[in-house]
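Here is a short briefing on one chain. Overall make-up comes before local detail.

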Amino acid sequence: MEEMVVEALLFGDRQAQLLAARQLAQFSNKQRHKIAEKGVVPPLILMLSTNDCEVIEAALFALLSLAFRSERNKTLIAKSGGITVLLDVIQCENKLLVELGVAFLLTLSSCGSNKMEIASFGAIPILLELLNSQSYNNMSFQANLDILSTLHNLSTCNQLIPSIVSYGGVATLIRLINLTSELVMEKAVALLENLVSSSRIALEEAARTEGAIQCLVEAMEEGSRQCKEHAVAILLLICESCRDRYRGMILREGAMAALLQLSVDGTRRARDKAKRLLLLLRDCSNCGQTTKQTKNIVLFEQIMRQIEQVGEPEGMSLALLEEMISKLRT
């Protein structure tokens with residue numbers, strides 16, 4: 001059976017290649033590994049270059065199955081010219097093929113040796129455009145998560161962060177953080193933290209983008225535990241970058257209650273970041289506060305003094321802590 005599939009892919013007509021590609025996707029990992037060594041990757045990539053949607057779909061499934069759990073095959077597909085053809089598929093008008101293509105690109109981007117090559121063919125602006133265009137609303141939820149995950153994989157290569165930033169990645173991510181989907185918010189804020197922690201330009205852009213601090217405070221209030229951790233880490237970086245400029249802006253967005261809550265029941269990393277940010281936000285006397293905001297600042301100072309007396313927020317009684325948070329939120 002394996003030899004028949006290989007022969008059909010190498011020498012068969014359209015129908016033979018179509019059936020062979022579909023059969024390949026059904027093979028075991030061991031069988032797929034053997035087949036990949038017999039030269040089937042180039043003809044499968046050629047199948048992606050056709051205008052036949054049925055053939056392209058079958059080839060995508062076959063290549064995905066070859067790449068699954070195989071770093072060798074991921075590298076082989078990239079070296080055989082698969083990336084540039086795949087990016088063409090991602091830009092086509094067929095929704096199913098676009099989503100399969102994005103899933104395939106995510107798989108390839110998980111291989112460290114492929115990241116620079118993926119970026120060199122222009123994948124970053126293409127992916128960001130998908131997130132910014134009407135295609136975002138038309139694609140499935142999973143496809144949008146796959147795009148964000150692919151960009152996150154690429155961002156782990158520090159040389160690629162400037163490209164993500166220069167093509168508008170920061171503004172795109174801030175817009176996505178405002179969406180109601182918890183998973184999209186978490187993926188977007190995680191990627192944003194990766195950018196701003198590695199790039200001063202990304203940090204400055206995030207800090208000055210209209211509505212950014214507000215959406216990060218909201219993510220810190222309403223997101224998942226991991227989302228809150230990433231959001232408070234970004235806010236801390238922003239405040240540390242220019243305390244005099246940004247601490248008042250963070251306070252005006254009502255961050256104190258969420259920070260106090262996070263300093264007690266967040267992840268270990270989130271608790272640490274929240275405590276450090278709370279200390280940076282103290283003594284903000286000239287921030288253009290309204291009467292209500294000034295009252296909250298005073299209350300905030302009182303809370304911080306009580307925390308200092310007991311040593312840590314965890315040392316306070318739950319009832320007292322809830323009372324303080326409630327006052328800050330009214």
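The chain folds into 23 helices and zero strands. Helices (H or I, at least four residues) and strands (E, at least two) are DSSP runs, numbered from the N terminus. This is a predicted model: local features need pLDDT of at least 70, side-chain atom pairs count only at pLDDT 80 or more, and totals for chains, interfaces and linings use all residues. Residues are numbered from 1 along each chain as its sequence is written, and side-chain values use heavy atoms, with hydrogens and water left out.

**Whole chain**
- Of the 330 residues, 52% count as buried. Buried means under 20% relative accessible area, exposed over 50%, and partly exposed in between (1.4 Å probe, protein chains only).
- The chain exposes about 15,400 Å², and carbon and sulfur atoms supply 50% of that area. Accessible areas come from the Shrake-Rupley method with a 1.4 Å probe; for residues, only the protein chains shown count as cover.
- Take the contacts between residues at least 6 apart in sequence: 70% of them join residues at least 24 apart. Contact means heavy atoms within 4.5 Å.

**Helix 4**
- Helix 4 spans residues 41–48 and is mostly covered, with six of its eight residues buried.
- The buried residues are Val41, Pro43, Leu44, Ile45, Met47 and Leu48.
- Their cover includes helix 1 (2–11), helix 2 (14–24), helix 5 (53–67), helix 6 (71–79) and helix 7 (82–90).

**Salt bridges**
- The whole structure holds eleven salt bridges. The criterion is a side-chain nitrogen of Lys or Arg within 4 Å of a carboxyl oxygen of Asp or Glu.
- Side chains of opposite charge can pair when their charged atoms come close.
- Arg14, Arg22, Asp52 and Glu54 are linked in a network of salt bridges.
- Arg14 meets Asp52 at 2.5 Å, N to O. Arg14 sits in helix 2 and Asp52 in the loop between helix 4 and helix 5, 38 residues apart.
- Arg14 also meets Glu54, at 2.9 Å, N to O. Glu54 lies in helix 5 and Arg14 in helix 2, so this pair ties together parts 40 residues apart in sequence.
- Glu54 forms a salt bridge with Arg22 too, the closest N and O atoms being 2.8 Å apart. That pair links helix 5 to helix 2, across 32 residues.

**Backbone at Arg69**
- Arg69 has a positive phi of about 55 degrees, although it is not a glycine.
- Arg69 lies in the loop between helix 5 and helix 6.
- Arg69 counts as exposed, at 70% relative accessibility.
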